[in-house]
Amino acid sequence: MKQTDLKNIFSHYRERAPTIFKNKELLTERFSPGNILHRDPQINQLARIVAPAVGGEKISNTFIFGTVGTGKTLVTRHVTAELEKESPAIKTLYINCKMKRVSDTEYRLLAELVRALGGSVPATGLPTDQVYTRFFSLLEQQKKTTVLILDEVDNIIKNIGDDVLYSLLRVNQDLHDAHLSLIGISNDVQFTDGLDPRVKSSLSEEEIIFPPYNATQLQDILLQRTAEAFQEGVLDRGVVAKAAALAAQEHGDARKALDLLRVAGEVVERQGGQKVLIDHIDSASQKLDTDRTTEVLRTQPKQSLAVLASIITLSGDHGVQTGDVLSVYEKIAASRGLKVLTQRRISDLINELDMLGIISSRVVSKGRYGRTREIRVMLDPALLDKTRKILEENYLLDRLGRFS
DNA sequence: AGTCCACAGGAAGGGCAGGCGA
DNA sequence: TCGCCTGCCCTTCCTGTGGACT
């Protein structure tokens, strides 16, 4: 392509009148509306819990539950931001524990906390207790009531265990001029069941539950945003209702509903269309699913892709067994110059693919013929096709979907 | 009732890379 | 530079397990 062509493309984008979106930002989860709909009880409950901080008192540790896209993070950040405005002696820290390299080890979590308080910690190298000490001394220096929001806190338990939480919950015993309170947010209602009882009781001094939105509530939320997000008259009749209905089927997920509208708008924009129709919501729904999976696959290590290639090669109407996967994997890895990993490691890689939702596996006993895992590929035909292409790009399968 | 299969999956630790502090 | 510490990926060793078979 000539450079002049590039210039044309860019200037076309700059000069053309916006046809679909007025402000796309309103359809992203980064945007926080001034008025949060259908969450008054939860906002009031949380406000009452954190209010004592204004008077310099320590506030109760709080646990917030609710499925994805029910406004937990939005409400928590809204209330704590308002709280911060009330007094200069209050500071809130927000940590998203689901982010990679944040809560996968104790060291990283503590390093993240230190950074949030304005300190610095190397990515690796220090003994963990030194990072603890840095965190405590920074807290003490602040002389403030600090509210620590741990979003998706279940990831900490999964990756590190509950010792860190226990230490964080006890930190007030060593602080003189400061307080630390925790707000834990989780999608998984059952995750506290396995917690150390001491952690469980001090983390859930207060609990707030966020129920899923129903289709009508989702529609209200979408309408609140679409007026400013889209140009006038762009959305065809029934588009908002369709997006709300689809998202309501998926556990009342408002984020999903907003994504559907945004992606549908982007599809129309790219096609040079003028109007978002109901069909575009369906295409958006498919595109969201595909994008998520292909993104996950592209970031997988080669060994993991080699295991997936083995599973796909073997998969048919019946489930595939670990032993078969292993022998095909060994052939693929050896012929591609990869180091051939042991069965133990392959077992873990199969588990990881399962957690990513790419395959589904369950342990079955075949009696005299041993215990194994039965593995099935969980991709629809279109996605499977894309997956094969990614495996081809990595030279793990040929164009016919074989490994030889 | 006992045996045995084909693994699952926990525990411990090796080896390497990256980084700190003396 | 060296000793120490952590993260990460992996191996080795081991115990546990459900159900068909004897």
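In this predicted model, a side-chain N or O atom of Arg371 lies 2.8 Å from a base oxygen of DNA strand C, a polar contact in the sense of a pair of N or O atoms within 3.5 Å.

| Residue | Protein atom | Atom of DNA strand C | Distance |
|---|---|---|---|
| Arg371 | side-chain N or O | base oxygen | 2.8 Å |

DNA strand C is surrounded by 23 residues, of which Thr105, Tyr107, Arg108, Thr342 and Arg371 are the closest, where a residue is near the strand if one of its heavy atoms lies within 4 Å of it. This surface comprises 9 polar, 8 charged and 6 nonpolar residues, and at least two of its residues come from each of helix 4 (106-116) and helix 15 (343-355), helices being DSSP runs (H or I) of at least four residues, numbered from the N terminus.

Elsewhere, Leu6 is placed in helix 1 (residues 3-15) and counts as partly exposed because its relative accessibility is 37%, between the limits of 20% for buried and 50% for exposed (1.4 Å probe, protein chains only).

Residues are numbered from 1 along each chain as its sequence is written, and chains are lettered from A and ligands numbered from 1 in the order in which they are written. Local features need pLDDT of at least 70, side-chain atom pairs count only at pLDDT 80 or more, and totals for chains, interfaces and linings use all residues, while side-chain values use heavy atoms, with hydrogens and water left out.

Methods. A polar contact is a pair of N or O atoms within 3.5 Å; within protein, one must be able to donate a hydrogen and the other to accept it, and residues adjacent in sequence count only if both atoms are side-chain atoms. Ala, Val, Leu, Ile, Met, Phe, Trp, Tyr, Cys and Pro count as nonpolar, Asp, Glu, Lys and Arg as charged, and the others, Gly among them, as polar.
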